[in-house]
Amino acid sequence: MNELPWIEIISAVVVLAGGGGIAGVLVARRRRRSQDQGGGQATVERAPAAGPEATAEPATVVEPVETPVSTGTTREAVETPAPTAGRLVRLRDRLARSGSPLGARLLSVLSRDALTEDDWDEIEEELLLADVGAGPTTELLDALRTKVRVLGVREPAAVRDLLRSELVTLLEPGLDRTLRTEPTTTEDGTHLPAVTLVVGVNGTGKTTTVGKLARVLVADGRSVVLGAADTFRAAAADQLTTWGNRVGVPTVRSDREGADPASVAFEAVARGRDEKTDVVLVDTAGRLQNKAGLMDELGKIVRVASKVAAPSEVLLVLDATTGQNGLSQARVFAEVAGVTGIVLTKLDGTAKGGIVVQVQRELGVPVKLIGLGEGPDDLAPFDVEEFVDGILG
């Protein structure tokens, strides 16, 4: 007959004496064995602080844990994201492989010996097809016509320099594209994380962008907490948790589909404050069926999160391939969410780079990040000159 270890006998007596019964003894034994063997992901339930708009729904903090197993290896190794510097260099190769990059077609026309009206019409068509927009296209054409006539530019290198200069001007290089990711400290010494809300229509790659942005910040040496406030899609929280686990970043989420998004956002920001995290990234729902409902939901998230720390960035994710439809979506979000920057996804391998110009003109806010492909590190800080060089090839 096997003997129980003395520590378990003593624990059982204590549990029984306290009214826990046989079930309590079994639970205590399971808990002890779990601790001895090592668990998977640790979860901590914390209820949000009381307030007029905070709810009583607890959020769950999913901690990425490297847990030793019997072989002495780790269950899930934390990845090291690629450095952000130089990521835009990849764009040139991708655009070149797309078959008919915008820059190559424009340079081909502008290098002809004598430019006719048909040639200028061809240039205008190329710009419009690239989603540059009617107004910016007219500006660019007028500037090119004047300089080609005055300077008599014909050599390929000179034509490229001229076109590059005009495209850089069109993209407004003076706009502030800095991501506000610096935490602050209040007068009483309280640490406040930088809070970034990520908004956009579901289907634009919003949740994926949040995960990739976490990698950008980790690569730049920032500590991050993720908030899965898109509680209306169960897959969104799971997807975000997976992104966080890969780079050792905790995710605050609700265990119940349809839970209050503001509660999750509040808990994520509170965790960032308590643990002196640099940045809290909050993924939000992207439902556009009811504009008033969207306004109420995003407004509540901002108000409740601001009880801890007000958002320093509101980034709008747009699919670069959707053209005018994407701009219509952008107008709604800009109106209800106070957008401070644009993230353009799916710019890889297309000639639709002109959408950068149009969306900046429409919303009056800069493009701050662009998605270059499907890889986990294919999100890059937007740099005007590097982007133009990528278009021109």
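Which residues point one way from E5, and which the other way? Ala 194, Thr 196 and Val 198 point one way, whereas Val 195, Leu 197 and Val 199 point the other way, and all are buried. The model shown in these views is predicted, so local features need pLDDT of at least 70 and side-chain atom pairs count only at pLDDT 80 or more, while totals for chains, interfaces and linings use all residues. Residues are numbered from 1 along each chain as its sequence is written, and side-chain values use heavy atoms, with hydrogens and water left out.

**View 1. Strand E5 (residues 194–199) and its parallel partners E8 and E9.** Strand E5 is largely enclosed by the rest of the structure, because 6 of its 6 residues are buried (buried means under 20% relative accessible area, exposed over 50% and partly exposed in between, with a 1.4 Å probe and protein chains only). Strands here, like helices, are DSSP runs numbered from the N terminus, with at least two residues in state E for a strand and at least four in state H or I for a helix. E5 pairs with strand E8 (residues 279–284) in the parallel sense over 5 bridges, where two strands count as paired if DSSP finds at least two bridges between them. Strand E9 also runs parallel to E5, and 4 bridges join E5 to E9. Leu 197 stands opposite Val 282 in E8, and Leu 197 also stands opposite Val 314 in E9.

**View 2. Strand E10 (residues 341–345), with both faces covered.** Of the 5 residues of E10, 5 are buried, and the strand is described as mostly covered. Gly 341, Val 343 and Thr 345 are buried on one side, and Ile 342 and Leu 344 are buried on the other. E10 pairs in the parallel sense with strand E9 (residues 313–319) over 5 bridges, and the bridge partner of Leu 315 in E10 is Gly 341. E10 also pairs with strand E11 (residues 367–371), again in the parallel sense, over 3 bridges, and Leu 344 stands opposite Ile 370 in E11.

**View 3. Pro 183 and Lys 276, in two loops.** Pro 183 lies in the loop between helix H7 (156–170) and strand E3 (184–185), and Lys 276 lies in the loop between helix H10 (261–274) and E8. Pro 183 and Lys 276 are 93 residues apart in sequence and 8.5 Å apart in space, C-alpha to C-alpha. Pro 183 counts as partly exposed because its relative accessible area is 23%, whereas Lys 276 counts as exposed because its relative accessible area is 56%. Phi of Lys 276 is near 55 degrees, a positive value in a residue other than glycine.

**View 4. Glu 172, a residue with positive phi.** Glu 172 has a positive phi of about 55 degrees although it is not a glycine. Most residues other than glycine have a negative phi. Glu 172 lies in the loop between H7 and E3, and it counts as partly exposed because its relative accessibility is 28%.
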